[in-house]
Amino acid sequence: MKITALAANLRWLPTIAVVVLLTLLTQIGGVVWLITVGLARRCKTGVFGFLALFLGVYTAGSALGYAVAPIFGRVSLPCFDDGTSQLKMQSPFFCVLNRQYVVPELKEAAVALSRHMDQAFPGTTTLALDANFPFFNGFPLFPHLSHSDGRKLDVAFYYQNGDGSYLDRTTRSPIGYFAFEQPRPSSILPCRDREDLLTLRWDLDFLQSLWPSLRLEESRTGEALRWLSGEGSSFGIEKIFVEPHLAQSLGVQAQSIRFQGCRAARHDDHIHMQVGK
């Protein structure tokens, strides 16, 4: 009897695992999965029918999230190229996963940054990465520690070819993350020789050789940091996270440019910007 009960409980483990994973990745995916399971049982669909049903319900849920997000004080960053803004999502991946939501003042700041970068360097597109989910303050955006209130946004670095020509709308990795700029021998390295057991500071050495050997476009990346720490304050920009060795090599320094700490993810693959409350 006990073995039967245990087997019945274990039968739910795959469903629980899928619900948890989809919730962590998309916020709404876990609920959508449970709804789909219920509908599929009622309709007695096969595997392909289940997947089609899941995609349909998920699309409807994402559209509902887009419409309802302003009630929670959040708006969507542009997911589609309408030709009117130089701020773009780096990949449709972020919009599919509902990770493109911010408070209105952060969107205004990001748009202003992209406008400034295009004026300073004509033809420059600023690429947004992870922002936040559409609903509820305090809901974690895995694997970030702080993207839980709509006030944080990651922005991709700007890159160039080996010959120095700027590459618009291009990042070294497919999602803009995990392609780290390596420090110089004389760089400031506050986390040198630390071996924390509980940390999100992943070096991911095994991935680095897989990325194309593009060079950081230092003029644009440095200018973005200077604008965020200067004029950006008038838009409410309160903190900018970037690795100390990059701030050092780019020659930027300001009270708002900070180090995120040794337990948080590395920030020499993107810029983290956030507005105050």
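The following questions and answers go through the predicted model shown above.

Reader: How are residues numbered, and what pLDDT do local features need in this predicted model?

Author: Residues are numbered from 1 along each chain as its sequence is written, and side-chain values use heavy atoms, with hydrogens and water left out. Because this is a predicted model, totals for chains, interfaces and linings use all residues, side-chain atom pairs count only at pLDDT 80 or more, and local features need pLDDT of at least 70.

Reader: How many helices and strands does the protein chain have?

Author: Helices (H or I, at least four residues) and strands (E, at least two) are DSSP runs, numbered from the N terminus. The C-alpha atoms of the protein chain fill a box of roughly 70 × 45 × 40 Å along the principal axes. Within the chain, the count comes to nine helices and 11 strands.

Reader: What percentage of the residues of the protein chain count as buried?

Author: Buried means under 20% relative accessible area, exposed means over 50%, and partly exposed lies in between, with a 1.4 Å probe and protein chains only. Accessible areas come from the Shrake-Rupley method with a 1.4 Å probe, and for residues only the protein chains shown count as cover. The accessible surface of the protein chain is about 14600 Å², and 62% of that surface belongs to carbon and sulfur atoms. Of the 277 residues, the part that counts as buried is 45%.

Reader: What percentage of the contacts with a separation of 6 or more is accounted for by residues 24 or more positions apart?

Author: A contact means heavy atoms within 4.5 Å. Among the contacts in the protein chain with a separation of 6 or more, residues 24 or more positions apart account for 74%.

Reader: Which residues make the nonpolar surface patch of about 520 Å²?

Author: Patches are made of residues with over 30% relative accessible area and no salt bridge, where like charges are joined within 9 Å and nonpolar side chains (Val, Leu, Ile, Met, Phe, Trp, Tyr) within 5 Å. One of the residues in this patch is Val 20, which lies in helix H2, residues 13-26, and counts as partly exposed because its relative accessibility is 44%. The patch is made by Leu 13, Ile 16, Val 20, Leu 24, Phe 142 and Trp 202.

Reader: Is Gln 27, with its positive phi near 70°, buried or exposed?

Author: Gln 27 is a residue other than glycine with a positive phi near 70°, and it is found in the loop between H2 and helix H3 (29-43). Its relative accessibility is 7%, and therefore Gln 27 counts as buried.

Reader: Which residue meets Asp 130 in a salt bridge?

Author: Side chains of opposite charge can pair when their charged atoms come close. A salt bridge is a side-chain nitrogen of Lys or Arg within 4 Å of a carboxyl oxygen of Asp or Glu, and the structure holds 11 salt bridges. In this one, the N to O distance is 2.8 Å, and the pair links distant parts of the chain, 31 residues apart, with Asp 130 in the loop between S4 and S5 and its partner in the loop between helix H5 (92-96) and strand S3 (101-102). Asp 130 is buried because its relative accessibility is 4%, and the residue that meets Asp 130 is Arg 99.

Reader: How far apart are the closest N and O atoms of Glu 218 and Arg 184?

Author: The pair links distant parts of the chain, with Glu 218 in helix H8 (residues 218-229) and Arg 184 in the loop between S7 and H7, 34 residues apart. Glu 218 is partly exposed because its relative accessibility is 38%, and Arg 184 is partly exposed because its relative accessibility is 45%. In this salt bridge, the closest N and O atoms are apart by 3.5 Å.

Reader: Which residues do salt bridges that share partners join into one network?

Author: The side chains of Asp 268 and Arg 266 meet in a salt bridge with an N to O distance of 2.7 Å, and both Asp 268 and Arg 266 are buried. Salt bridges that share partners join into one network Asp 203, Arg 266 and Asp 268.
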